[in-house]
Number of protein chains: 2
Amino acid sequence: MEDPRPSLSAALVAELHEQALVFADAARKIIEDAWERGFTVERKRDGSLVTSADLDVERTLRQLIAAHYPEHGVLGEEFPPTRTEADFQWILDPIDGTEDFAHRVPTFGSILALHYRDAPVVGVLDHPALGLRCHAAFRRGAYQNYFARHGGTARWHSDRVALTDLAPGVAPAQVRLVTSARGNYIRYRDEGSYFDAVTRAYPNHRIYRSCYGHTLVATGGADAMVDFHDATWDLAACRITTEEAGGAYRVVREFTVDGVSIQSVVLGKPAVVAHLCELLDAA
Amino acid sequence: MEDPRPSLSAALVAELHEQALVFADAARKIIEDAWERGFTVERKRDGSLVTSADLDVERTLRQLIAAHYPEHGVLGEEFPPTRTEADFQWILDPIDGTEDFAHRVPTFGSILALHYRDAPVVGVLDHPALGLRCHAAFRRGAYQNYFARHGGTARWHSDRVALTDLAPGVAPAQVRLVTSARGNYIRYRDEGSYFDAVTRAYPNHRIYRSCYGHTLVATGGADAMVDFHDATWDLAACRITTEEAGGAYRVVREFTVDGVSIQSVVLGKPAVVAHLCELLDAA
């Protein structure tokens, strides 16, 4: 399928990119306030957690998107999709890693992306409790923003990020890999053998939820991630953040559960992604 | 062996506790400055990384300890031990998770502990880049300090922490487990089968380095941790932080490599620790 994105003007992509960051700022403010003042936690029918902050963020983003781009569709984790036929679709997971958020583990994050005819144009991975954001837009590059001291004052910084590939054939033990918990690999069908193969071949791994793993990949904090059994919103931002940073993104498994597409992906430095795809093909 | 710690006066323990926090403040300042201004990275003979910050922190802590407690011994990761015969031993790992630190992943931490006749009296787990510290002292409780906004101003807060045990027989899939990377389980001898058993039985896991896992356990961010193939300094603070928070700490494997004791431990909420110990006994 031809990539539809080159038909978008650079000015339009720039405007959409800037607007997505403004939307993400609104989400961050809600999460920061909840992190500071508290929030309610409930268990959903699928057994996962949802907090008042998840719902507040998704409601607010939907209102902002509807006000700015009434012709665009929205697909989010907590509410039904709108305008599913539109060319532009905003896809969002208000808090990825809600269980971590609820237990005050700061590596949760917000995922916000804009897709055009199924291709990602803008992606934002935001980590309010870490003072960290990774974002990218088509042909505009990938960036990390972080809140830090430099020279005595604490403020937000912005760096463009560009990955340096590893040498082909680098020993897997030297690779810094992120992956999903084994529970993800068996969530919809038992693909635990892939977890076993990945953790044996790449012994130097960490396990985080998707959003923080995606940020680490795009910013070079990890060399690659193997992320299993994800919904569309989990993966909505990470292809554009990875590719604009110079990395590779591959869908390695795909199936449908109750009409919902579930994908498993490998993303990161191209030589590592290539080796991981070979490993998973053989497993 | 009788616990030697009740022979120490409460006033002495209080003084040692407060002094350890002052020492940890000095370590934190060095790490914050390195995080802000940069540091050099080298690879040690064992293949692991060491930065100028690791060396600066350990040198500074050794100087402070020698100035305040010249009769105490010091055991640290980067330099030879001193006064190994002393009753009081300061044990430290200046940066646990140096690889994460070097890649700007903020979940690294400093470990500082004081042992009396091999029993931990004070433990400090410090995470400068997260604005988080967990500490405890014998019969004085466990605490978390964190830098956060509350009511408009950002400042350090201190909460006493007390774990609420899970019900015995809780489904392992409901347990939030932290463990080591598979690379740790095979670091000195191949005990990878324990990794496989733990990750299969407890599918909802995260993988961090020791220090952050220990902090999550003591503060309730995780229910338990299985931490494999650690040196004395890796584990120096986590028994006292866990036990003073109301948790359990068990050494499950122990052997010696080149005269150095290597231990594998389980720590966390007592019901979960008991179940994990059964699992590991059977594996």
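Two strands pair if DSSP finds at least two bridges between them, and helices (H or I, at least four residues) and strands (E, at least two) are DSSP runs, numbered from the N terminus. What we have here is a predicted model, where local features need pLDDT of at least 70 and side-chain atom pairs count only at pLDDT 80 or more, while totals for chains, interfaces and linings use all residues. Residues are numbered from 1 along each chain as its sequence is written, chains are lettered from A and ligands numbered from 1 in the order in which they are written, and side-chain values use heavy atoms, with hydrogens and water left out.

Let's begin in chain B, with strand S5, residues 109–116. Seven bridges join S5(B) to strand S6 of chain B, residues 119–127, and the two run antiparallel. Together S5(B) and S6(B) make a hairpin with two residues between them, and B:Arg117 in that turn has a positive phi of about 45°. On S5(B) there is another neighbour to meet: strand S4 of chain B, residues 88–96, pairs with S5(B) in the antiparallel sense, again over seven bridges. Please find B:Ala113, which is the bridge partner of B:Ile91 and also of B:Gly123 in S6(B).

Is S5(B) mostly covered or mostly open? Mostly covered: eight of its eight residues are buried. Buried means under 20% relative accessible area, exposed means over 50%, and partly exposed is in between (1.4 Å probe, protein chains only). B:Gly109, B:Ile111, B:Ala113 and B:His115 point one way, B:Ser110, B:Leu112, B:Leu114 and B:Tyr116 point the other way, and all are buried.

Now to where the chains meet. Contact (heavy atoms within 4.5 Å) takes in 36 residues from chain B and 36 residues from chain A. The area buried between them is about 3,000 Å², with carbon and sulfur atoms giving 46%; buried area is the accessible area (1.4 Å probe) that two parts lose on being put together, summed over both.

How many salt bridges are there between chain B and chain A? The count is ten, a salt bridge being a side-chain nitrogen of Lys or Arg within 4 Å of a carboxyl oxygen of Asp or Glu. One of them joins the side chains of B:Arg206 and A:Asp100 at 3.2 Å, N to O. In another, A:Arg200 meets B:Asp196, with the closest N and O atoms 2.6 Å apart. A:Arg200 lies in helix H5 of chain A, residues 192–201, and B:Asp196 in helix H5 of chain B, so the pair joins two chains. A:Arg200 is partly exposed at 47% relative accessibility, whereas B:Asp196 is buried at 8%.

Over all chains, the whole structure has 42 salt bridges. Take A:Arg140 and A:Glu18, whose side chains meet at 3.4 Å, N to O. A:Arg140 sits in the loop between strands S7 (132–137) and S8 (141–150) of chain A, and A:Glu18 in helix H1 (residues 10–37) of chain A, so this pair ties together parts that are 122 residues apart in sequence.

A:Asp56 also forms a salt bridge with A:Arg59, the closest N and O atoms being 3.2 Å apart. These two are three residues apart in helix H2 of chain A, residues 52–68, and so are separated by about one helical turn. Finally, A:Asp25, A:Arg28, A:Asp126 and A:Arg133 are linked in a network of salt bridges.
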